[in-house]
Amino acid sequence: MASSGARDVSGPVAKNPAFVLESAMAAFGEGPLVAVIMGSDSDLPVMKEAVRTLEEFGVPVETTIVSAHRSPSRLVQYARGASARGIEVIIAGAGGAAHLPGMTASLTELPVIGVPVRSRTLDGLDSLLSIAQMPSGIPVATVAVDGARNAGILAVRILALSRPDLRAALVEFAAAMESEVLGKAERLEHQGPERYDPRDDGTL
Ligand code: RP5
């Protein structure tokens, strides 16, 4: 039996935590704090999810294309200048021989989160290993294949270390997710597996 110990926040809030926006916004100045970069515009459908997540938390973000292989000079210039421009976390997504996150990490002292983008030929295993298997000394925090939403949430967690408003927003976000799961459990138990429709979020 599902019991509701979490805060009562109705609707699919885990995907839409607009409730955190106002308080989090107050914590920031004008410039972007997170850079979401990708090796190609073909990565954008995946990487958009990181941008959306950061925007949900009211975190100012900049988004661009930086290819490690096709525009190496731009990569050096971009990664070396990021910290001085006020960026605090870089999320880098790439697929295949995915050198962008690792090379970016080698050119900055900022934390870098790598998103392995699913590749056409090897289903993202190549991307995952290219990003996760970094040599000692240059860390890249690697999320799941196509795990751009988690990359966004991890960036928020890093920023929240020094921003109490953002930390409170994360606590509320987790409570909302829990509440959503408990609601689904209750509906499934009540309706049974045949009547249960996962698309029905319980709201009218
Ligand atoms: C990588 O090569 C990109 O990150 C992308 O995932 C992959 C394929 O790029 P396109 O050929 O689609 O531009 O550099």
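Student: Where do we stand with helix α2 and α6: how near do their axes come, and at what angle do they cross?
Tutor: The model is predicted. In it, the axes of α2 (residues 44-56) and α6 come within 7 Å. They cross at roughly 35°.

Student: Is that crossing left-handed or right-handed?
Tutor: α2 passes α6 in a right-handed crossing.

Student: What makes this a contact, and which residues make it?
Tutor: The cut-off is heavy atoms within 4.5 Å. From α2 come V46, M47, E49, A50, T53, L54 and E56. From α6 come A148, R149, G152, I153, A155 and V156.

Student: How do the residues of the contact of α2 with α6 divide by class?
Tutor: Eight are nonpolar, two polar and three charged.

Student: Next, α6 and α7. At what angle do their axes cross?
Tutor: Roughly 140°, with the axes of α6 (residues 148-160) and α7 (residues 164-195) coming within 8 Å.

Student: Why is α6 called oblique to α7?
Tutor: Roughly antiparallel needs an angle over 145 degrees, and roughly perpendicular covers 65 to 115. The crossing is at roughly 140°. Therefore α6 is oblique to α7. The crossing is left-handed.

Student: Which residues meet there?
Tutor: R149, I153, V156, R157, L159 and A160 in α6 meet L166, R167, L170 and F173 in α7. By class, that contact has seven nonpolar, no polar and three charged residues.

Student: What makes the phi of D123 and of D146 stand out?
Tutor: Most residues other than glycine have a negative phi. D123 is not a glycine, yet its phi is positive, about 60°. Phi of D146 is also positive, near 65°.

Student: Where are D123 and D146 found?
Tutor: D123 is in the loop between β4 (112-117) and α5 (125-132). D146 is in the loop between β5 (141-142) and α6.

Student: What is the volume of the largest pocket, and which residues are closest to its centre?
Tutor: The volume is about 470 Å³. Of 21 lining residues, the closest to the centre are S40, S42, D43, G95 and G96.

Student: How do you know that a residue lines the pocket, and what classes does the lining hold?
Tutor: A lining residue has an atom within 4 Å of a pocket point. The lining has seven nonpolar, nine polar and five charged residues.

Technical notes
Residues numbered from 1 in each chain as written. Predicted model: local features only at pLDDT ≥ 70, side-chain atom pairs only at ≥ 80, totals over all residues. Heavy atoms only, no water. Axes fitted to C-alpha atoms, helices over the stretch in contact; angles between N-to-C directions. Helix = DSSP H or I, 4+ residues; strand = E, 2+ residues; numbered from the N terminus. Parallel < 35°, antiparallel > 145°, perpendicular 65-115°, else oblique. Left-handed = near helix turned anticlockwise from the far one by under 90°. Nonpolar A, V, L, I, M, F, W, Y, C, P; charged D, E, K, R; others polar. 1 Å grid on protein atoms, 1.4 Å probe; cavity = no way out; pocket = protein on both sides within 12 Å on 5 of 7 lines; lining within 4 Å. Points joined across faces, edges and corners; volume = space filled by probe spheres on them.
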